[in-house]
Amino acid sequence: MAVIILNHCTGCGACVAICRFNALTLEVERPDGFGQKRAIVDGQKCCDCDECLIACRYRAIIVKNIKSKDSHQDTKSAKKNKALLF
Ligand code: SF4
Ligand code: SF4
């Protein structure tokens with residue numbers, strides 16, 4: 001699953017534009033709507049195509065293998081991780 005390294009992400013949106021699975025969105029950091037936008041990965045939609053890695057010129061995306069033998073656990077892990085790294 002694609003994982004965003006938040007302190008590298010500039011919020012440029014290139015990854016969001018290229019993702020065919022609508023697995024990426026831009027969200028503002030603060031609930032009041034101000035602050036830096038960052039990309040967020042929906043682990044349930046990400047298909048590991050890696051296209052966003054290529055699109056990100058800031059090297060703010062890595063791939064983490066969070067799959068396990070238990071597919072239910074796999075989904076739970078993907079939700080829980082929601083692709084945030086600092
Ligand atoms: S392409 Fe990279 S820098 Fe731009 S929003 Fe996506 S993760 Fe952030
Ligand atoms: S790896 Fe592919 S499906 Fe997953 S977020 Fe990146 S572009 Fe979208």
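These are my notebook entries on a predicted model of a protein chain with its ligands.

**Ground rules.** I number residues from 1 along each chain as its sequence is written, and I letter chains from A and number ligands from 1 in the order in which they are written. As the model is predicted, local features need pLDDT of at least 70 and side-chain atom pairs count only at pLDDT 80 or more, while totals for chains, interfaces and linings use all residues.

**Fold.** I looked up the secondary structure and got three helices and five strands. Helices are DSSP runs of H or I with at least four residues, strands are E runs of at least two, and both are numbered from the N terminus. From that end, the order reads β-α-β-β-α-β-α-β.

**Ligand 1.** I found 14 residues around ligand 1, with C9, C12, A14, C15 and C56 the closest. Being near here takes a C-beta atom, placed from the backbone, within 6 Å of the molecule. The shell holds eleven nonpolar, three polar and no charged residues. Nonpolar covers Ala, Val, Leu, Ile, Met, Phe, Trp, Tyr, Cys and Pro; charged covers Asp, Glu, Lys and Arg; the others, Gly among them, are polar.

**Ligand 2.** Here I also listed 14 residues, and C19, A23, C46, C49 and C52 come nearest. This shell has eleven nonpolar, no polar and three charged residues.

**C47.** I placed C47 in the loop between β3 (37–41) and α2 (51–55). Is C47 buried or exposed? It counts as exposed, because it has 12 C-beta neighbours inside 10 Å. The cut-offs are 12 or fewer for exposed and 20 or more for buried, with partly exposed in between, again using C-beta atoms placed from the backbone. Its C-alpha atom is 7.5 Å from that of F21, 26 residues away along the chain.
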